[in-house]
Amino acid sequence: MKKQIFGIKYKTVEELPVWQKSYELTLKIYELTNRFPSNEIYALTSQIRRSASSVPANITEGYSRNSTKELLQFLYNARGSNAETIFHLKLSKDLKYLNQEIYVILKEGYNEVGKQLNGWISSLKKKLTISH
């Protein structure tokens, strides 16, 4: 079944640009955190991986739900995880685990995901208001 988002029909969640971008960023986070100090494995490494992977995971779970209200809740969760990941990136940079250039690239990517999520959330909220 195709779902319509911003007037475009998507067959699967993997076709959504916001899902694709957040998944691509998650892969980069996993690759970069392989180089973090081993004493961070249960701390920052684990936290940033969880928050990063939570973004596309929440989009996926919300997309599979049968109501706009449920989808919205999962998009709010994805937005929260997106913000949390940005915090973890800053911490990683300040601890010298990431250089400035990588930090800026990743932060810009997560800012882009945040804008896409905000746009989708606004669109769904309008849809809910109109339908009531």
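At 72% relative accessibility, lysine 96 counts as exposed, and this residue sits in the loop that links α3 to α4. Although lysine 96 is not a glycine, its phi is positive, at about 70 degrees. These values, like those that follow, were computed from a predicted model.

The protein chain contains four helices and two strands, and its elements follow the order β-β-α-α-α-α from the N terminus on. Taken along the principal axes, the C-alpha atoms fill a box of roughly 50 × 20 × 20 Å. Of the 132 residues in the chain, 42% are buried, and the accessible surface amounts to about 7800 Å², with 53% of that area belonging to carbon and sulfur atoms. Among contacts with a separation of 6 or more, 69% involve residues 24 or more positions apart.

Helix α1, which covers residues 17-33, has 17 residues and reaches 24 Å from its first C-alpha to its last, close to the 24 Å expected at 1.5 Å a residue. The buried residues of this helix are Val18, Trp19, Lys21, Ser22, Leu25, Thr26, Ile29, Leu32 and Thr33. Seen down the axis of α1, these buried residues fall within an arc of 165 degrees, so they line one face of the helix.

The largest nonpolar core comprises 31 residues, of which Leu16, Ile59, Leu75, Leu89, Leu117 and Trp120 touch the most other members. Two or more residues of this core are given by each of α1, α2 (44-63), α3 (68-94) and α4 (100-131), and the largest share, nine residues, comes from α4. In soluble globular proteins, nonpolar side chains tend to be buried together. When neighbours within four places in sequence are left aside, leucine 89 is in contact with Ile29, Ile48, Leu98, Tyr103, Leu106, Lys107 and Tyr110.

Leucine 44 is placed in helix α2 and has a relative accessible area of 3%, and is therefore buried. Again leaving aside neighbours within four places in sequence, the contacts of leucine 44 are with Phe36, His88, Leu91, Ser92, Leu95 and Tyr97.

An α-helix has 3.6 residues a turn, so residues three or four places apart point the same way. Glutamate 24 is partly exposed, with a relative accessible area of 34%, and lysine 28 is likewise partly exposed, at 33%, whereas lysine 21 is listed among the buried residues of α1.

A further salt bridge joins arginine 65 to glutamate 70, with the closest N and O atoms 3.0 Å apart. Arginine 65 counts as partly exposed at 27% relative accessibility, and glutamate 70 counts as partly exposed at 32%. Through salt bridges that share partners, Lys21, Glu24 and Lys28 are joined into one network.

Note on methods: Residues numbered from 1 in each chain as written. Predicted model: local features only at pLDDT ≥ 70, side-chain atom pairs only at ≥ 80, totals over all residues. Heavy atoms only, no water. Expected span 1.5 Å × (residues − 1). Buried < 20%, exposed > 50% of the residue type's maximum accessible area, 1.4 Å probe, protein only. Arc of directions from axis to C-beta. Core = buried A, V, L, I, M, F, W, Y, C linked by side-chain atoms within 4.5 Å. Contact = heavy atoms within 4.5 Å. Areas by Shrake-Rupley, 256 points an atom, 1.4 Å probe, with all protein chains shown as cover. Salt bridge = Lys/Arg side-chain N within 4 Å of Asp/Glu carboxyl O.
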